[in-house]
Amino acid sequence: MVHNGIIENYNSLKKLLADKGITCQTDTDTEVLVQFIAYLYKEEKLSVVETIRLALNEVIGAYGIVVLCEDEPDTIISARLGSPLLMGIGENEYFVASDSSPIIEYTRNIVFLDEGELAVIRPDGYEVRNIKANEVISKDINKIQYNLEEIEKGGYDHFMLKEINEQAYTVSEAIRGRLNRDEMRVMLGGIYDWVHQILDAEHIYITACGTSWHAALIGSYILEELLNVPVKVEYASEFRYRVTAVNSNSVVICVSQSGETADTLAAIRKAKEKGALTLGIVNVVGSSISRETHCGVYIHAGPEIGVASTKAFTSQVTIFNLIGLLLADKKSINAEIYHSLMNDLERMPQLVQSVLDHGNDVSDIAQDFVNFSNFLYLGRGYQFPVALEGALKLKEISYIHAEGYPAAEMKHGPIALIDNDMPVVFIVTEKGYEKIVSNIQEVRARGGQIIIVSTELNDELKDYSDHIIHVPKVHHCLQSVLTNIPLQLLAYNIAVLKGCDVDMPRNLAKSVTVE
Ligand code: AGP
């Protein structure tokens, strides 16, 4: 058996097996499950398929499994609960995978297994059944949308660097076909029928994990500012277990690159149980979250292979701006803001490219900071989530401890950390310029090493730091798309200089499909 997931009641199953004189060779929950299936197979004298179905009805937890039995060597049995699983339908051959990227070179025809489904594959065909009710289910065959090249490095040393450098294209893909310049309107077919329900909502929640949570935080600022409604941002792992005020007048937006993150999926299911309208902002087409939410918007960033999410973040923020404009248009937003944001949205691909064209400036700076063991990232307003994201990128691929903070919060504790060994990355924009310059002075006064990513370029900033990365100025709702990219490159270059496995950092998975 191959298993992706966590069997939560494996201890009680293990005890049951021990009472039957069956001992496991390992401490893994996976072995307990296969031993349990083998035990039932011997006891119940049922077919392999029926035995597995019976066993799975006793299991609590999450699993994506593939099982083979020597008595039926030509039969592959796979089943999912929680963890993603799909079948590839080839020419006289079948594949089972947790994601489409490993099978695209063999077939583009895939069948997604939904929650609580089991598939039986034999040389002459396949059948999908519901594990509980044991009914046969007819399944649609979907086509994989992307090409093989998109999941190759394309001459880059790492997928992460390739994906960082794709962002001018991916941001344009997020916008493509969604900005009607003639009528100055945003078109998002995936949520169009729900616009009024969203606008009438009592509460708007946004839930996500990791980098997607940072994009969600920026999304909440954009929606609050453009719609003048309160928007709450929630870590999905907390939201799914906390007693919240979610009800049938709520809208719960979930953000997920993979569309398979277990906590976010569970948060969505909980919101649906409470009658809320659920809206997904997702990258992977056909993923569980895109299939289980009521409506949504694909970010069209293409496959993101590097574990550290980069292009998905800039596309997620771009999509929040599109959603904000679409909804605000119905609420007669201030025309000046509307037009300047529309204009800047259209300029974004070329502005992103202009930031990427100065990527080498960042690799030079990285040389000077590769040996530090702690970093602080500080930003204000829309740049606070960018500080969080910059710190996460450095942590997850270079294993250097880093923290992101609202710059003003520094005086309430973190300033105690500042000395000659503490690099501090400031994200400086026009908004709150004076305030953040005084924070820079506070760090400078205590000998902190200062790196500045800024839309402002002047002698004052040059006085405070030798390491300044300039980015173009755009509407503040979009600015984080540009200020974030040098921080992606800083983390990438430091990690490469440290010899880290940038695409597959230790202890991390691209999609966290277990709790
Ligand atoms: C980000 O670089 C990490 N890979 C991780 O924090 C990720 O953002 C998080 O697991 C959420 O993933 P999702 O967007 O696929 O739901």
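1. **Basis.** This is a predicted model: local features need pLDDT of at least 70, side-chain atom pairs count only at pLDDT 80 or more, and totals for chains, interfaces and linings use all residues. Residues are numbered from 1 along each chain as its sequence is written, and side-chain values use heavy atoms, with hydrogens and water left out.

2. **Overall form.** Along the principal axes, the C-alpha atoms fill a box of roughly 80 × 55 × 45 Å.

3. **Secondary structure and contacts.** The protein holds 17 helices and 22 strands. These are DSSP runs numbered from the N terminus (helices H or I, at least four residues; strands E, at least two). Take contacts, meaning heavy atoms within 4.5 Å, between residues at least 6 apart in sequence: 69% of them join residues at least 24 apart.

4. **Surface.** The accessible surface comes to about 21600 Å², and carbon and sulfur atoms hold 48% of it. Areas come from the Shrake-Rupley method with a 1.4 Å probe; for residues, only the protein chains shown count as cover. Of the 515 residues, 57% are buried. Buried means under 20% relative accessible area, exposed over 50%, and partly exposed in between (1.4 Å probe, protein chains only).

5. **Cores.** The largest nonpolar core has 102 residues. Such a core is a set of buried Ala, Val, Leu, Ile, Met, Phe, Trp, Tyr and Cys residues joined through side-chain atoms within 4.5 Å. Residues with the most contacts inside the largest core include Ile253, Phe375, Tyr377 and Leu490. Helix H11 (residues 311-330) gives the most to this core, with eleven residues. A second, separate core has 26 residues, among them Leu40, Ile52, Ile65 and Leu118.

6. **Tyrosine 377.** Neighbours within four places in sequence are left aside here. The contacts of tyrosine 377 then include Ala387, Leu394, Glu403, Tyr405, Val425 and Leu490.

7. **Ligand site.** The ligand is surrounded by 14 residues, and the closest are Ser212, Ser256, Gln257, Thr261 and Glu396. The cut-off is a heavy atom within 4 Å. Ligand oxygen atoms lie 2.6 Å from a polar side-chain atom of serine 256 and 2.5 Å from a side-chain N or O atom of threonine 261. The backbone takes part as well: a polar backbone atom of threonine 211 is 3.0 Å from a ligand oxygen. Taken alone, the ligand exposes 410 Å², and the protein buries 91% of that.

8. **Histidine 3.** This residue lies in strand S1 (residues 2-7). Histidine 3 counts as buried because its relative accessibility is 16%. Its side chain makes a polar contact with the side chain of threonine 30 at 2.7 Å. Such a contact is a pair of N or O atoms within 3.5 Å; within protein, one must be able to donate a hydrogen and the other to accept it, and residues adjacent in sequence count only if both atoms are side-chain atoms. The histidine 3 side chain also reaches the backbone oxygen of alanine 62 at 3.4 Å.

9. **Arginine 181.** Arginine 181 sits in the loop between strand S11 (179-180) and strand S12 (185-186). With a relative accessible area of 30%, arginine 181 is partly exposed. Beyond residues up to four places away in sequence, arginine 181 touches Met342, Asn343 and Glu346. A 2.8 Å polar contact joins its side chain to that of asparagine 343.
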